[in-house]
Amino acid sequence: MAKAACGLPISSFTPLSIALIANAFAKARQDELPGNAPLFQHLGQAILSIPPPRFDQQNIANVVNAFPRQPKMRDAVMTHMASAIVAQRREALGPQAIANILNGFATGSRGDEGVLDHLKLATLKQRQTAWTSQEIATSLHALASLNIGDAEWGGYLCEAALTLTPQSFQPEEIAMLGWSAAVLRWDDSRLLRLIVSGMDTHIASMDRRSLRQVHQFLLTCRLDPEVASRAPPSSGMLEGLEGAKCRAAFE
């Protein structure tokens, strides 16, 4: 498939075809294989030949999540996609697109100011009840990865999280939420209770990565004075019961 795609002329690609091919390879983790670098260079050249406004939100999300691991084309493609994002009507960007685009830019360590401003305003236009647990966790994890401690943006997403129950989150989602809270030092007692309750519910089925994130959250609840003063007592109980398991995830 990669060889066939490389044989197509640049002019034959559309935003949709590029997004579908890039997404297929990224989902299968084939984007990291050195042998597929020529494909992504070819797709990158096709992207740069298409005016940014022709890309819709789904095309953009697929592209920005596929190219962060492509050093030769990453910066040019991400800059092109940044122009595509700000060309989108904010009202047209839904929670899924916002979360996925944020994730792509966080993966590529790209804190493009214009993109972030656009996505923040698009976020604030959404109903808080419109967000799924995955969209909330992904968005907050991206903000934490980029070290964006925007009180208005993060606060909005935290309020969205509080519309859900701890059981609504998947194990990896509640771990991401906890890690984000630790990195950005959130001290909202309601959110901390939600996270601890979710961790208590899901910790038995967490993988090593999630357990490492839980460990950082529990350490922050114990050692950071501001967070510790607002964390529920159950955070200490959870660390006492599961701390060894979390630490073992680093071995």
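Reader: In which helix is the place of Val64?
Author: This is a predicted model, in which local features need pLDDT of at least 70 and side-chain atom pairs count only at pLDDT 80 or more, whereas totals for chains, interfaces and linings use all residues. Residues are numbered from 1 along each chain as its sequence is written, and side-chain values use heavy atoms, with hydrogens and water left out. Helices (DSSP runs of H or I, at least four residues) and strands (E, at least two) are numbered from the N terminus. The run of residues 57-66 holds Val64, and this run is helix H4.

Reader: Does Val64 count as buried or exposed?
Author: A residue is buried under 20% relative accessible area, exposed over 50% and partly exposed in between, with a 1.4 Å probe and protein chains only. The relative accessibility of Val64 is 0%, and therefore Val64 counts as buried.

Reader: Which residues does Val64 touch, not counting those up to four places away in sequence?
Author: Contact means heavy atoms within 4.5 Å. With residues up to four places away in sequence set aside, Val64 touches Met78, Met81, Asn100, Ile101, Gly104 and Phe105.

Reader: How are H4 and H6 oriented towards each other, parallel or antiparallel?
Author: Axes are lines fitted to C-alpha atoms, for helices over the stretch in contact, and angles run from 0 to 180 degrees between N-to-C directions. The axes of H4 and H6 come within 8 Å and cross at roughly 25°. Angles under 35 degrees count as roughly parallel, over 145 as roughly antiparallel, 65 to 115 as roughly perpendicular and the rest as oblique. H4 and H6 are therefore roughly parallel.

Reader: Which residues of H6 meet H4?
Author: On the H4 side, Gln57, Ile60, Ala61, Val64 and Asn65 take part. Their partners in H6 are Ala97, Asn100, Ile101, Asn103, Gly104 and Phe105.

Reader: How is H6 oriented towards H8, parallel or antiparallel?
Author: H6 and H8 pack with their axes 8 Å apart, at an angle of about 30°. Because of that angle, H6 and H8 are roughly parallel.

Reader: What is the handedness of the crossing in which H6 passes H8?
Author: A crossing is left-handed if the near helix is turned anticlockwise from the far one by less than a right angle, and right-handed if clockwise. Where H6 passes H8, the crossing is left-handed.

Reader: How does H7 run relative to H6, parallel or antiparallel?
Author: Helix H6 (residues 95-107) and H7 have axes 11 Å apart and pack at an angle of about 155°. H6 and H7 are therefore roughly antiparallel.

Reader: Which residues of H7 make the contact with H6?
Author: H6 contributes Ile98, Ile101, Leu102 and Phe105. From H7 come Val115, Leu116, Leu119, Ala122 and Thr123.

Reader: Does His118 count as buried or exposed?
Author: His118 is found in helix H7, residues 113-124. Its relative accessible area is 7%, so His118 is buried.

Reader: How far from a polar atom of the His118 side chain does the backbone oxygen of Gln88 lie?
Author: A polar contact is a pair of N or O atoms within 3.5 Å; within protein, one must be able to donate a hydrogen and the other to accept it, and residues adjacent in sequence count only if both atoms are side-chain atoms. For the backbone oxygen of Gln88 and the side chain of His118, the distance is 2.8 Å.

Reader: Where does Ser109 lie?
Author: Ser109 has a phi near 55°, a positive value in a residue other than glycine. At 62% relative accessibility, Ser109 counts as exposed. Its position is in the loop between H6 and H7.

Reader: Which side chain joins that of Asp224 in a polar contact of 2.6 Å?
Author: Asp224 is found in the loop between H12 and H13. It counts as buried, at 11% relative accessibility. The side chain joined to that of Asp224 at 2.6 Å belongs to Arg185.
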